Structures are given as structure tokens and as C-alpha cells.
Amino acid sequence: TNVLLIHGPNLNLLGKREIDIYGNKTLEEINDLLMGKARELKINLEIKQYNCEGRIIESIHQARDRFDGIIINPGAYSHYSIAIRDAIAGVKLPTIEVHLSNIYAREDFRHFSVISPVVIGQISGLGELSYILALEAIVNIIETIKK
Ligand code: DQA
């Protein structure tokens, strides 16, 4: 089982800025946690972080032949990138949307995600646990599809 995790824009700053919202763990620390979880689940996890919309889109396109499922935190692009939404809809891989913060408890402009309608589900507000749960869920979903 091969899973691609894409962290979107500004997530490279985790643990350094807006700690009250996103927590004090760095991206590297969260990724280490996830790689440990992947070993536990005996799956292959590849993790990318991109600040550019186009890189995210290309990475989704390339996932088609190499991965069984995608976990994505599109960052601020969640709220307006029709292009990322179309890429996810286009490759037809099972995808889970993740947010560290509870986007529904924040500014109005974060309450709406253009990505949500094209993913299987969304996990929001649980900090790094959002990613861990998404990994467990996507592996479960992929294995169910394969049966
Ligand atoms: C975020 C929420 C977005 O609104 C914000 O722009 C981010 C991070 C989250 O993980 O909580 O960059 O996706």
C-alpha cells in the first residue's frame, strides 16, 4: 500500500509561527511521527511539502500511477483553489483532506473548503492527530477497495 501525503503552503513554518493555532511541533517532528505510524501499519508513505499551487497539482497528477491514496492539507488553497480541487477529482484516487486547526471555529473565510466535495472525508481541528487518523483511515479505505 502506497500513500502520498502532501502538505501545502506555509506548513514548512510549523512550530515556528502561530504556535497558539498550529501547535509547537515542527513539520519534521510531525513527519517523523507519521513515518513511525506508517511502519506500524506496514505501508509505504511518501511525504511532500509545497508552497506553490502548481507543484501540488503536478504531484497529484503524478500520484495516479504510483500511489493508492492521498492525504492532503491544502493550507489556504483549501478555501479557493478550484485547480487543486479539479486535480483531485481528475486522478480519482481516494483522498482525505486534513487540517490541523478547526477551520469552522476560525475566520469566516476559512469555513468553506472547495476541496471537501471531491474527497472521501475531512479531518479538522485535531492537530497532528488529524494526520495520524487520516493515515489510519486511508489505509483502511484502500484495503477495503482492494478486496
Ligand atoms: C490549515 C487551515 C488553513 O485555513 C490555513 O490557511 C493553513 C493551515 C490547517 O491545517 O489548519 O495554512 O490548513
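With 23 other C-beta atoms within 10 Å, H99 is buried (buried means 20 or more other C-beta atoms within 10 Å of the residue's own, exposed means 12 or fewer, and partly exposed lies in between, with C-beta atoms placed from the backbone). The model is a predicted one, in which local features need pLDDT of at least 70 and side-chain atom pairs count only at pLDDT 80 or more, while totals for chains, interfaces and linings use all residues. Residues are numbered from 1 along each chain as its sequence is written.

H99 is found in strand β4 (residues 95-99); strands (E, at least two residues) and helices (H or I, at least four) are DSSP runs numbered from the N terminus.

The "active site" annotation of an unreviewed UniProt entry covers Y22 and H99. These residues are spread over 78 residues of sequence, yet cluster in space, with a largest C-alpha distance of 9.5 Å. UniProt positions follow the numbering used here, feature names are shortened, and annotations may be inferred rather than shown by experiment. Y22 lies in helix α1 (residues 19-22) and is partly exposed because 19 other C-beta atoms lie within 10 Å. Not counting residues up to four places away in sequence, Y22 touches L14, L100 and S101.

Turning to the strands, β1 (residues 2-7) is mostly covered, with 5 of its 6 residues buried. Strand β1 runs parallel to β2 (residues 44-49), joined by 6 bridges, and parallel to β3 (residues 69-73), joined by 5 bridges; pairing requires at least two DSSP bridges between two strands.

Definitions and conventions: Contact = placed C-beta atoms within 7 Å.
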